[in-house]
Amino acid sequence: MELTSRQETIVEIVKNNGPITGEQIAERLSLTRATLRPDLAILTMAGYLDARPRVGYFYTGKSGTQLLAEKVKHITVKHYQSRPVVVQEAASVYDAICTMFLEDVGSLFVVDKQATLVGVLSRKDLLRASLGKHSLESIPVSIIMTRMPNITVCKADDLITEVAKKLIDKQIDSLPIVTEVDYGSGFEVTGRITKTNITALLVDLANDEMI
Ligand code: ADP
């Protein structure tokens with residue numbers, strides 16, 4: 001959040017003189033308390049200042065970056081997820097390539113007949129399979145996919161920062177968002193989170209439009 005010059009002056013006054021009442025801040029700026037009210041509300045809500053009844057305003061000591069970090073640490077996966085695209089494990093590599101193009105995604109999740117997650121297919125997995133001499137219609141995706149239990153997953157309530165770290169550490173483009181089924185023995189796919197979703201968060205942060 002970018003502060004106006006008046007808001008920056010208020011922060012300076014509170015930093016040097018806090019605790020200080022709204023009335024006293026207004027006096028120093030030769031403004032009325034009513035004129036300052038929106039600025040004080042913004043600064044308090046954004047976390048720059050803290051207000052205590054009958055005492056006044058305090059400077060919280062938090063920099064813009066610290067406040068931003070605090071905000072980001074509360075964002076969960078469900079705020080930035082995409083729709084998952086799944087294929088059956090019996091589907092052919094050819095079908096998977098068509099699905100990837102038609103659905104305009106970079107990874108597919110593979111499920112069994114019970115809709116339980118069994119694998120992941122990336123663009124390069126499909127490219128690699130296309131280099132062989134076999135007919136792509138005759139190769140089931142279950143042969144070339146990365147399979148359970150080697151799939152990195154996340155839950156809708158996980159923090160987006162944890163997911164971003166997993167994407168970097170594992171050098172992958174996306175994670176399936178899952179819920180446990182059959183008492184934790186399997187996962188159902190409910191969403192997808194990708195590097196693009198994390199980029200969308202960055203754009204929202206830059207425009208101060210965070211969810
Ligand atoms: P690409 O292979 O197109 O660069 P990725 O970096 O996402 O795309 O995938 C790299 C490898 O990691 C692929 O073999 C893919 O099957 C596998 N992979 C992708 N996502 C996951 C995941 N969530 N968990 C485990 N393996 C994954």
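Which elements each supply at least two residues of the shell around the ligand? In this predicted model, they are the strand β5 (117-122), the helix α6 (123-131) and the strand β7 (174-181). The points below describe the surroundings of the ligand, then the domains of the chain, and finally some details of the backbone.

**The shell around the ligand**

- The ligand is surrounded by 15 residues, and the closest of these are S122, D125, T146, T152 and D173.

**Polar contacts and burial**

- D125 has a polar side-chain atom that lies 2.4 Å from an oxygen atom of the ligand.
- The side chain of T146 also takes part, with an N or O atom 2.6 Å from an oxygen atom of the ligand.
- At S174 the backbone is involved: one of its polar atoms is 3.1 Å from a nitrogen atom of the ligand.
- The ligand taken alone exposes 540 Å², and 84% of that area is buried by the protein.

**Domains of the chain**

- The domain assignment divides the protein chain into domain 1 (5-69) and domain 2 (77-203).
- Taken over C-alpha atoms, the centres of domain 1 and domain 2 are separated by 48 Å.

**Details of the backbone**

- The peptide bond that leads from G18 to P19 is cis, and its omega is near 0 degrees.
- P19 belongs to the loop that joins α1 (5-17) and α2 (22-28).
- A cis peptide bond is also found from M148 to P149, where omega is near 5 degrees.
- The position of P149 is in the loop between β6 (146-147) and α8 (160-170).
- R54, a residue other than glycine, has a positive phi, near 65 degrees.
- The loop that contains R54 runs between β1 (49-52) and β2 (56-59).

How values were computed: Residues are numbered from 1 along each chain as its sequence is written. This is a predicted model: local features need pLDDT of at least 70, side-chain atom pairs count only at pLDDT 80 or more; totals for chains, interfaces and linings use all residues. Side-chain values use heavy atoms; hydrogens and water are left out. A residue is near a molecule or strand if one of its heavy atoms lies within 4 Å of it. A polar contact is a pair of N or O atoms within 3.5 Å; within protein, one must be able to donate a hydrogen and the other to accept it, and residues adjacent in sequence count only if both atoms are side-chain atoms. Accessible areas come from the Shrake-Rupley method with a 1.4 Å probe; for residues, only the protein chains shown count as cover. Helices (H or I, at least four residues) and strands (E, at least two) are DSSP runs, numbered from the N terminus. Domain bounds come from an automatic or database domain assignment.
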